[in-house]
Amino acid sequence: MNYSVKSKNMKKDYGKGHTHIEALRGVSFNIKSGEFISFVGPSGSGKSTLLNMIGGMDTPTSGSLFVGGKDLTKASRAELVQHRRHTVGMIFQSFNLIPDLSAVGNVEFAMIFGGVPAKKRHALASDLLEKV
């Protein structure tokens, strides 16, 4: 079976001083290529932490996480930058969209950092948003 995202016993702990927080406690799942899924749960249940892991913005404390066949738990900082530029795209819930731009314009803007040529950005952004 070909999976886009595969996680096994993934954990994420945060701590400072005497404070210890288990944000993820042994999360395992598989997402097939082309599959649409949702992560749901109450505030503080680890949804954002999980998405940050998949997006390469954070790394697990333990366990495994493969995205597009690459083991992100073993990726260097430079490899994670390339992962964010070329493999995943995230639109955050608030504070990160440019209010003067349309949805397509915001997606196009993000493509600048991925090195997508100006002539291709509008058509690609429109096509991506139509799929959602």
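The legends below describe several close-up views of a predicted model.

Residues are numbered from 1 along each chain as its sequence is written, and side-chain values use heavy atoms, with hydrogens and water left out. Local features need pLDDT of at least 70 and side-chain atom pairs count only at pLDDT 80 or more, whereas totals for chains, interfaces and linings use all residues.

**Overview. The protein chain holds four helices and four strands.**
Helices (H or I, at least four residues) and strands (E, at least two) are DSSP runs, numbered from the N terminus. Read from that end, the elements follow the order β-β-α-β-β-α-α-α. The C-alpha atoms fill a box of roughly 50 × 35 × 30 Å, taken along the principal axes. The accessible surface, from the Shrake-Rupley method with a 1.4 Å probe, comes to about 9500 Å², and 55% of this area belongs to carbon and sulfur atoms. Of the 132 residues in the chain, 26% are buried, a class defined by under 20% relative accessible area, with exposed meaning over 50% and partly exposed lying in between (1.4 Å probe, protein chains only). Among contacts (heavy atoms within 4.5 Å) with a separation of 6 or more, 48% join residues 24 or more positions apart.

**View 1. The four strands form an open sheet in the order 2-1-3-4, with antiparallel pairing.**
Strand 2 and strand 4 (70-71) stand at the edges, each with a single partner strand, so one side of each has no neighbour in the sheet. Two strands are taken as paired if DSSP finds at least two bridges between them. Strands of a sheet pair through backbone hydrogen bonds, either parallel or antiparallel.

**View 2. Strand 1 (residues 3-16) and strand 2 (residues 19-32) run antiparallel and are joined by 11 bridges.**
The two strands form a hairpin with two residues between them, and G17 in the turn has a positive phi of about 65°.

**View 3. The largest nonpolar core has 12 residues in all.**
Such a core is a set of buried Ala, Val, Leu, Ile, Met, Phe, Trp, Tyr and Cys residues joined through side-chain atoms within 4.5 Å. Its members are V5, M10, L24, F29, I31, L50, M53, I54, L65, V67, L72 and L80, and the elements that give two or more residues to it are strand 1, strand 2, helix 1 and strand 3. L50, one of these core residues, touches M10, L24, F29 and F39 when residues up to four places away in sequence are not counted.

**View 4. I37, F39, L51, M57 and M90 make a nonpolar surface patch of about 380 Å².**
Patches are made of residues with over 30% relative accessible area and no salt bridge, in which like charges are joined within 9 Å and nonpolar side chains (Val, Leu, Ile, Met, Phe, Trp, Tyr) within 5 Å. I37 lies in the loop between strand 2 and helix 1 (47-54), and its relative accessibility of 38% places I37 in the partly exposed class.

**View 5. Three salt bridges are present in the structure.**
A salt bridge is a side-chain nitrogen of Lys or Arg within 4 Å of a carboxyl oxygen of Asp or Glu. The side chains of D58 and K12 meet in one of them, at 3.2 Å from N to O. D58 lies in the loop between helix 1 and strand 3 and K12 in strand 1, so the pair ties together parts that are 46 residues apart in sequence; both residues are buried. E22 forms a salt bridge with R25, with the closest N and O atoms 3.4 Å apart; E22 is partly exposed at 42% relative accessible area, whereas R25 is exposed at 63%. K74 and D71 meet at 3.3 Å, N to O, and in this pair K74 is exposed at 68% relative accessible area, while D71 is buried at 17%.

**View 6. N2 lies in the segment before strand 1.**
N2 is exposed, with a relative accessible area of 55%, and touches K32 and S33, residues up to four places away in sequence not being counted. The C-alpha atoms of N2 and E79, which are 77 residues apart along the chain, are separated by 22 Å.
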